[in-house]
Amino acid sequence: TELKFFSAAILFFYVGVALFITIVMIKHKQNPNKYQSWENTILRLFPKAQHSSECAYFTSMAHMALAGGIENRAALEMIQTQDSSQSFYKKLQKAKVKLHPSEGLYELLLKNELYEPIDIVTMNVAAKSGRLEIALENLAHQLTKRAYESINQSLNKLEPWLITLLTLLVFAIVFAMILPLLNVLSSLG
């Protein structure tokens, strides 16, 4: 009887997980604005990659605003209205508080804690040489590359654990299916 209970519990667990996933997918499909995208949800599992990705997005937006000739303060306000994560928005607000009322996006890029120190030095040198727009474009590409590398490194560390977990799950499914058959065979013979 214990084995029957065990196999039934495993099967109910898998049915429950399948129903949960189905319900979440249906809710997300019905109202996609209420729920985060799958990419953002997964990216939250990798904070370093998430920060690099958000910095890359911010840098790309800053590049477009400055290259488009948008006024410095207006560019900063425009970028802040874009959809970004709460943690990055808080860091951006913290950096913005340190600015003088006459300063805007240009100064925020050069005086913040959002980027690595080497990136800030690079932007300062590029600003002094008049090539900040090019530096921002290159930095956005580098930050995107860092985010991908960070995710790949994290997944490479997780891969053996995932394989072990999947092996155990498959074993549990097979065991739950074979157990009732063994009970029937033992009762027959």
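Biologist: What share of the residues in the protein chain is buried?

Modeller: This is a predicted model, in which local features need pLDDT of at least 70 and side-chain atom pairs count only at pLDDT 80 or more, while totals for chains, interfaces and linings use all residues. Residues are numbered from 1 along each chain as its sequence is written, and side-chain values use heavy atoms, with hydrogens and water left out. Buried means under 20% relative accessible area, exposed over 50%, and partly exposed in between, using a 1.4 Å probe and protein chains only. Of the 189 residues in the protein chain, the buried share is 29%.

Biologist: How many helices and how many strands does the protein chain have?

Modeller: Both are DSSP runs numbered from the N terminus, a helix being H or I over at least four residues and a strand being E over at least two. Along the sequence the pattern reads α-α-α-α-α-α-α-α, and the count is eight helices and zero strands.

Biologist: At which residue does α8 have a kink?

Modeller: A bend is the angle between axes fitted to the seven residues ending at a residue and the seven starting there. In α8 the kink is about 40° and comes shortly before the proline P160, at L158.

Biologist: Which residue forms a salt bridge with R146?

Modeller: Side chains of opposite charge can pair when their charged atoms come close. A salt bridge needs a side-chain nitrogen of Lys or Arg within 4 Å of a carboxyl oxygen of Asp or Glu, and the count here comes to one. The pair links distant parts of the chain, 27 residues apart, with R146 in helix α8 and its partner in helix α7 (residues 117-129). The closest N and O atoms are 2.9 Å apart, and the partner of R146 is D119.

Biologist: Is D119 buried or exposed?

Modeller: R146 has 27% relative accessibility, so R146 counts as partly exposed. D119 has 4% relative accessibility and therefore counts as buried.

Biologist: What kind of aromatic pair do F13 and Y14 make?

Modeller: Rings of Phe, Tyr and Trp (its six-membered ring) pair if their centres lie within 6.5 Å, and planes under 30 degrees apart count as stacked, over 60 as edge-to-face and the rest as tilted. The whole structure holds one such pair. The ring centres of F13 and Y14 are 5.5 Å apart and their planes lie at 65°, so the pair is edge-to-face.
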